[in-house]
Amino acid sequence: MSHLHGCKQTPATPPTTTDEDSSGSTDDGDMKKKKGNRAMGKKKYPKAIKYYSKAIKIDPENPTYRLNRAIANSALELWKDAEADASCAVELGDPPSAKSHYWLAKSRLHRGHVGEAKTALDD
């Protein structure tokens, strides 16, 4: 706080971003991811999936958003959706993360696709 000619001046409040104001930047995607991560921490998996889906809509080429949604789907035992997202995360990763391969293999194993699960780990 500063004094200007005897008046107290408060610094301007920085603008905030709401869901409705999002412009589609990666920062908005990261904000949605962080909200999804908080929901995961509270075991609110459907809410986490919603936020990760919003992040994916903002930045569909980001493998982390797909992987996080795969993990949330796995928590709800939605193995087909988890496999689709983990597969996308593997394809988008440059290079693909070991974590993406792990979740792809895990989701395939839960769907009874043992051979495909082994392939996901061998890649």
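Helix axes here are lines fitted to C-alpha atoms over the stretch in contact, and the angle between two of them runs from 0 to 180 degrees between N-to-C directions. The model is predicted.

## Overall layout

The protein chain holds six helices and two strands. Reading from the N terminus, the order of elements is β-β-α-α-α-α-α-α. Of its 123 residues, 35% are buried. Take the contacts between residues at least 6 apart in sequence: 40% of them join residues at least 24 apart.

## Helix α1 against helix α3

Helix α1 covers residues 26-41, and helix α3 covers residues 63-75. The two pack at an angle of about 20°, and their axes are 11 Å apart. Angles under 35 degrees count as roughly parallel, and α1 and α3 are therefore roughly parallel to each other. Their crossing is left-handed. On the α1 side, the contact uses Thr26, Gly29, Asp30, Lys33, Asn37 and Met40. On the α3 side, it uses Thr64, Tyr65, Asn68, Ile71 and Ala72. By class, this contact has four nonpolar, five polar and two charged residues. Spacing along a helix matters in such lists. An α-helix has 3.6 residues a turn, so residues three or four places apart point the same way.

Helix α3 has 13 residues, which at 1.5 Å a residue should span 18 Å. Its end C-alpha atoms are 19 Å apart, which agrees. Ten of the 13 residues are buried, so α3 is largely enclosed by the rest of the structure. The buried residues are Tyr65, Arg66, Leu67, Asn68, Arg69, Ala70, Ile71, Ala72, Asn73 and Ser74. Their cover includes α1, α2 (45-58), α4 (79-92) and α5 (98-110).

Arg69 sits in helix α3. Its relative accessibility is 16%, and under 20% means buried, so Arg69 counts as buried. Beyond its neighbours within four places in sequence, Arg69 is in contact with Ile49, Tyr52, Ser53, Ile56 and Asp85.

## Helix α4 against helix α5

Helices α4 and α5 pack at an angle of about 150°, with axes 8 Å apart. That makes α4 roughly antiparallel to α5. The crossing is left-handed. From α4, the residues that meet α5 are Trp79, Ala82, Glu83, Ala86, Ser87, Ala89 and Val90. From α5, the partners are Ser100, His101, Trp103, Leu104, Lys106, Ser107, Arg108 and His110. By class, the contact has seven nonpolar, five polar and three charged residues.

Arg108 lies in helix α5. At 15% relative accessibility, Arg108 counts as buried. Not counting residues up to four places away in sequence, Arg108 touches Glu83, His113, Glu116, Ala117 and Ala120. Glu83 is also among the α4 residues that meet α5.

Leu76 is in the loop between α3 and α4. Leu76 and Tyr45 are 31 residues apart in sequence, yet 7.0 Å apart in space, C-alpha to C-alpha. Leaving aside neighbours within four places in sequence, Leu76 is in contact with Tyr45, Pro46 and Ile49. Ile49 is also one of the contacts of Arg69.

Lys47 belongs to helix α2. Lys47 and Lys35 are twelve residues apart in sequence and 8.9 Å apart in space, C-alpha to C-alpha.

## Backbone points in the loops

Most residues other than glycine have a negative phi, and most peptide bonds are trans.

Lys43, in the loop between α1 and α2, has a phi near 60°, a positive value in a residue other than glycine. Glu77, in the loop between α3 and α4, likewise has a positive phi, near 60°. The peptide bond from Asp94 to Pro95 is cis, with omega near -5°. Pro95 is in the loop between α4 and α5.

## Accessibility at a glance

The table gathers the relative accessibility of residues discussed above.

| Residue | Relative accessibility | Class |
|---|---|---|
| Arg108 | 15% | buried |
| Arg69 | 16% | buried |
| Leu76 | 34% | partly exposed |
| Lys47 | 40% | partly exposed |
| Glu77 | 59% | exposed |
| Lys43 | 61% | exposed |

How values were computed. Residues are numbered from 1 along each chain as its sequence is written. This is a predicted model: local features need pLDDT of at least 70, side-chain atom pairs count only at pLDDT 80 or more; totals for chains, interfaces and linings use all residues. Side-chain values use heavy atoms; hydrogens and water are left out. Helices (H or I, at least four residues) and strands (E, at least two) are DSSP runs, numbered from the N terminus. Angles under 35 degrees count as roughly parallel, over 145 as roughly antiparallel, 65 to 115 as roughly perpendicular and the rest as oblique. A crossing is left-handed if the near helix is turned anticlockwise from the far one by less than a right angle, and right-handed if clockwise. Contact means heavy atoms within 4.5 Å. Ala, Val, Leu, Ile, Met, Phe, Trp, Tyr, Cys and Pro count as nonpolar, Asp, Glu, Lys and Arg as charged, and the others, Gly among them, as polar. The expected span of a helix is 1.5 Å times one less than its number of residues. Buried means under 20% relative accessible area, exposed over 50%, partly exposed in between (1.4 Å probe, protein chains only).
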